[in-house]
Amino acid sequence: MYSNDTAVKESYFRKIFNTNFNVGFGKPSNDICSTCVILKNRAKMKKDEEKKQSFILQLKVHKKRAKSFHQLLNRITDDELGINNVRCYVWTENERSRRCNEIASPIYESLQKVDSAKIRKIRLFSDGCTGQNENMTKVSMTETWLVSKSLKNITEMELHFPVTGHSFLPADSVFGFTETAVRKEQEIFNPQHYINIIGKYGKLCRIGRD
Ligand SMILES: [Zn+2]
């Protein structure tokens, strides 16, 4: 590619690299909301002012919804909603799948175990995955529980589906810790190894047993 006559020093390459390329490095960010990133980039790339403003407006609405969710969360001072009180239901894919029935069952079981003698209202927070959380199976299950299984003092239930990417509930934190710990493991040979890691950050539960 070059002869002795045209050889240049390393500093020359460095200068070209630093001044002629649009390359930047930064600390990788965790928990970035993909909707925020997409809307920001679309607004930045659009030359048409009307379309640009449309994406900026969508981003504002998205952030406002996320903010109102956090304000609601901050109003909840219940000790039950803490990182030390996260129940982690575990099963392997040969035991059960991950569809709406399999998700509704542990929620039902957890509702049965909540000490609800002094509670009037129960709020359930979950992501908006239709196959697992945002579906009629879950709504029917909560309705059945409220009508026929809950104590008489519980008169209200709210189902919340926070804006995607901005929930950061205690369960999300436990999931984040677990994911980081799994990545640090050199080798994982069996499901129990995963279960042991999960158990370090949350209370391990098995359906029908815990
Ligand atoms: Zn966002």
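**Helix packing in a spread-out chain**

Helix α4 passes helix α5 in a right-handed crossing (a crossing is right-handed if the near helix is turned clockwise from the far one by less than a right angle, and left-handed if anticlockwise). The model is predicted, and local features need pLDDT of at least 70, side-chain atom pairs count only at pLDDT 80 or more, while totals for chains, interfaces and linings use all residues. Residue numbers start from 1 along each chain, as its sequence is written. The protein chain has seven helices and four strands, which are DSSP runs numbered from the N terminus (H or I over at least four residues for helices, E over at least two for strands).

**The chain as a whole**

- The protein chain is more spread out than a compact globule, because its radius of gyration is 24 Å, well over the 17 Å that the globule rule gives for 210 residues (the radius is taken over C-alpha atoms, and the rule is 2.2 Å times the number of residues to the power 0.38).
- Taken along the principal axes, the box filled by the C-alpha atoms of the protein chain is roughly 90 × 50 × 30 Å.
- Of the 210 residues in the protein chain, 7% are buried (20 or more other C-beta atoms within 10 Å; 12 or fewer is exposed, and in between is partly exposed, with C-beta atoms placed from the backbone).
- Among contacts between residues at least 6 apart in sequence, 73% join residues that are at least 24 apart (a contact needs C-beta atoms, placed from the backbone, within 7 Å).

**Helices α4 and α5**

- Helix α4 (residues 100-113) packs against helix α5 (residues 136-149) at an angle of about 25 degrees, and their axes are 9 Å apart (axes are lines fitted to C-alpha atoms over the stretch in contact, and angles run from 0 to 180 degrees between N-to-C directions).
- The two helices α4 and α5 are therefore roughly parallel to each other (under 35 degrees; over 145 is roughly antiparallel, 65 to 115 roughly perpendicular, and the rest oblique).
- From α4, the residues C100, N101, A104, I107, Y108, L111 and Q112 meet T137, K138, M141, W145 and K149 in α5.
- Sorted by class, this contact of α4 with α5 has seven nonpolar, three polar and two charged residues (Ala, Val, Leu, Ile, Met, Phe, Trp, Tyr, Cys and Pro count as nonpolar, Asp, Glu, Lys and Arg as charged, and the others, Gly among them, as polar).

**Helices α2 and α3**

- Helix α2 (residues 34-45) and helix α3 (residues 49-75) have axes 8 Å apart and pack at an angle of about 160 degrees, and they are therefore roughly antiparallel to each other.
- The crossing in which α2 passes α3 is left-handed.
- On the α2 side the contact is made by T35, C36, L39, K40, R42 and A43, and on the α3 side by K52, F55, I56, Q58, L59 and H62.
- The contact of α2 with α3 has six nonpolar, three polar and three charged residues.

**Helices α6 and α7**

- Helix α6 (residues 170-184) packs with α7 at an angle of about 135 degrees, their axes being 9 Å apart, and that makes α6 oblique to α7.
- In a right-handed crossing, α6 passes α7.
- The contact joins V174, F177, T178, A181 and V182 of α6 with Y194, I197, I198, K200 and Y201 of α7.
- These residues of the contact of α6 with α7 divide into eight nonpolar, one polar and one charged.

**Residue P191**

- P191 belongs to helix α7 (residues 191-201), and it counts as partly exposed because it has 14 C-beta neighbours inside 10 Å.
- Although 101 residues separate P191 and V90 in sequence, their C-alpha atoms are 9.9 Å apart in space.

Definitions and conventions: Two residues are in contact if their C-beta atoms, placed from the backbone, lie within 7 Å.
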